[in-house]
Amino acid sequence: MTLKDTIANMAEIDMNKYSDYLDKYIPILLEFAEDHCNNTFDTENPPGGVKIFIAESIKHKLNSKCLSSRSMGSVSYSYDTDLPDKIKKYLRPYRKVRFV
């Protein structure tokens, strides 16, 4: 089973509908995880926590509109594009200390 198939199953999303999205977004999230953890991961088989992070991030992006606030008088919208801490917590065991 490929990483894309695993992530699609974990995120419970339709592989046929979101195949191109997964092809583009999985490498971006894997790079984010590597930068966040100061660690490198196998691109074909990252650790379980990283897989959960990628699946939950994709599920969050697809299910939420990332709208944090909205007002109707003279129309004002605010968007939240950051990933919630509850999703990033899956990366904690893989973080390495960086000395500057």
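A residue counts as buried under 20% relative accessible area, as exposed over 50% and as partly exposed in between, using a 1.4 Å probe and protein chains only. By that rule Tyr25 is buried, with a relative accessible area of 17%. This is a predicted model, in which local features need pLDDT of at least 70 and side-chain atom pairs count only at pLDDT 80 or more, while totals for chains, interfaces and linings use all residues. Residues are numbered from 1 along each chain as its sequence is written, and side-chain values use heavy atoms, with hydrogens and water left out.

**Aromatic rings**

- Rings of Phe, Tyr and Trp (its six-membered ring) pair if their centres lie within 6.5 Å; planes under 30 degrees apart count as stacked, over 60 as edge-to-face and the rest as tilted.
- The count by this rule is 4 aromatic pairs.
- One of them joins Tyr18 and Tyr21, edge-to-face, at 6.4 Å centre to centre with 70° between the planes.
- Tyr18 and Tyr21 are 3 residues apart in helix H2 (residues 15-37), about one helical turn; helices are DSSP runs (H or I, at least four residues), numbered from the N terminus.
- Tyr18 is partly exposed at 24% relative accessibility, and Tyr21 is partly exposed at 28%.
- The rings of Tyr21 and Tyr25 are stacked, because their centres are 5.2 Å apart and their planes stand at 25°.
- Tyr21 and Tyr25 are 4 residues apart in H2, again about one turn of the helix.
- An α-helix has 3.6 residues a turn, so residues three or four places apart point the same way.
- Tyr18, Tyr21 and Tyr25 make up one aromatic cluster.

**Packing of H2 and H3**

- H2 and helix H3 (residues 48-63) pack at about 125°, with axes 10 Å apart; axes are lines fitted to C-alpha atoms over the stretch in contact, and angles run from 0 to 180 degrees between N-to-C directions.
- The two helices, H2 and H3, are therefore oblique to each other, a term for angles that are not under 35 degrees (roughly parallel), over 145 (roughly antiparallel) or 65 to 115 (roughly perpendicular).
- Residues of H2 including Tyr18, Tyr21 and Tyr25 meet residues of H3, among them Phe53, Ile54 and Leu62; contact means heavy atoms within 4.5 Å.

**Helix H1**

- Helix H1 (residues 3-11) has as its buried residues Leu3, Lys4, Thr6, Ile7, Ala8 and Ala11.
- These buried residues of H1 pack against H2 and H3.
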